[in-house]
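Dear colleague,

I am passing on the structure we spoke about, with the sequence alongside it. My notes on what was found follow below it.

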Amino acid sequence: MNKQQAHPSDAGPSNPGDQFSKAGFIFAAIGSAVGLGNLWKFPYITGKFGGGAFFMLFILCLIIIALPVLIAELAIGRGGRGNASSSFYKLSGSKFWAGSGLIGVVAAFMILSFYSVVAGWTVYYAVKSFSGSLFSNPDYNGQFEAFTGSWSPVFWQFIVLAICLFVILKGVSSGIEKFNKVLIPGLVIVLLFLMVQALRLPGAGAGVEFFLKPDFSKLTGHSVLEAMGLAFFSMSLGMGAMITFGSYVQKEQSLGTASIAVGLGNLSYALIAGLIIFPTTFAFGIEPAQGPGLVFVVLPAAFSAMPFGSLFGGLFFVLLAMAALTSAVSLLEVPTAYVMSRWNLSRKKAAVYTTIVVFALGVPAALSVGGVLSDIHIFGKNIFDIIDYIASNILLPLGGLAGTIFAGYVWKKAGEEAGLQGIWYKIWRFLLCVITPILIVLVFLSSTGLLDWIIV
Ligand code: PHE
């Protein structure tokens, strides 16, 4: 193979030189995109920041911000044939741009620290659901609070990180890509079944209305930043994952078409998740704006009301845990690859050290959602929320901005690499060079309060 293979930081999730088949790539990219972001984060953020109007904002962010950035990141990866940082370097020869990949490394590391907490909750709920003990007490809110208030989430987070570490060390991620081909359709079948059940519940209509009927008076300046952060998070953008993926895409594949497929796939999962969660929330009189526990409180109620609920509940949480695991593995790969090349370590050492540090940051996150550290607040948020906020709403947009400016202004062949032609090329350039960067900067400045400071 070429000389990239010798570069330790090039060790990606698959074998360098390995390429995805066209359909395989779409599945793998949807597999990275679909995860806790769609089924856990999307519903609770939508519930908290304005329902239908927020959903519209999210779709808008997907189209005018996330899609152009996704095409740019895939093009950077395919053009540079490297990882989050080395691709920038190979295309520009500039250390500054290679350094911009660092934002993604830090973001991936921070996201994994709380992502693994929620993945741990999911595994715990799968076990409780299969055993039936979840349904022995209908106070699901109380159950969730008792669980997150204890030390038990730390144990489940540890299990999740240990599995991720095992996968990364074995390098069986090409197996994971095959696994995605079964997992992604399997998950959608279970979800569609749940959706039909949820929509048939008495009082479900109010939930559908909350989710799909926009009431723009509910939006605040913060909703816009949240929608943008969520679009980056759920499309796995701004942290090098899609750049790494891009390096395994065949030259003949059109990145524009592939990106639209990934965007639509990701949006469908969010839409179905919303059509499960909100009808159930309203049917059972649960508060939609209650935060990270939403899915864990609402879904057990739905499962308990259906035939074979404990079986379905178990199946659902297992599939969700697996979807989370595929995303978590791609998150762990980003800092691991960086640590390997930065400190010249073996893959094994780099992965073990990175996992230990992620766990060290993850334990306080796990204990801050109702647990012993829940009284610690930074800027009004608990540890879990502040890590999520900094990573998703600040670092991911900044990482995305770096890719946008790079593909728009620095690396001149980005459009050619993406394979876009005619009007599509013009639209993409316009979004990439003008609209997307301006929007990211404006949303960013206004919601962090810096805009008021500059204007005044
Ligand atoms: N997109 C994933 C989800 O929605 C999370 C993720 C973010 C995965 C960034 C990889 C990289 O759950």
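In this model, which is predicted, residues F25, I26, A29, I30 and A33 of helix α1 meet A258, A261, V262, G265, N266 and Y269 of helix α12. The residues of this contact comprise 9 nonpolar and 2 polar ones, with no charged residue among them. Helix α1 spans residues 22-33 and helix α12 spans residues 255-283, and the two pack with their axes 9 Å apart at an angle of about 40 degrees, which makes α1 oblique to α12. The crossing of α1 and α12 is right-handed.

For F316, once its neighbours within four places in sequence are left aside, the contacts are V190, L191, L194, L299 and F303.

One further residue that I looked at is F55, which lies in helix α3, residues 52-80. Is F55 buried or exposed? With a relative accessible area of 4%, F55 is buried, because the cut-off for that term is under 20%. Leaving aside neighbours within four places in sequence, F55 is in contact with F42, F211, L212, L267 and L271. By contrast, R429 is 374 residues from F55 in sequence, and the C-alpha atoms of F55 and R429 are 26 Å apart in space.

Conventions:
Residues numbered from 1 in each chain as written. Predicted model: local features only at pLDDT ≥ 70, side-chain atom pairs only at ≥ 80, totals over all residues. Heavy atoms only, no water. Axes fitted to C-alpha atoms, helices over the stretch in contact; angles between N-to-C directions. Helix = DSSP H or I, 4+ residues; strand = E, 2+ residues; numbered from the N terminus. Parallel < 35°, antiparallel > 145°, perpendicular 65-115°, else oblique. Left-handed = near helix turned anticlockwise from the far one by under 90°. Contact = heavy atoms within 4.5 Å. Nonpolar A, V, L, I, M, F, W, Y, C, P; charged D, E, K, R; others polar. Buried < 20%, exposed > 50% of the residue type's maximum accessible area, 1.4 Å probe, protein only.
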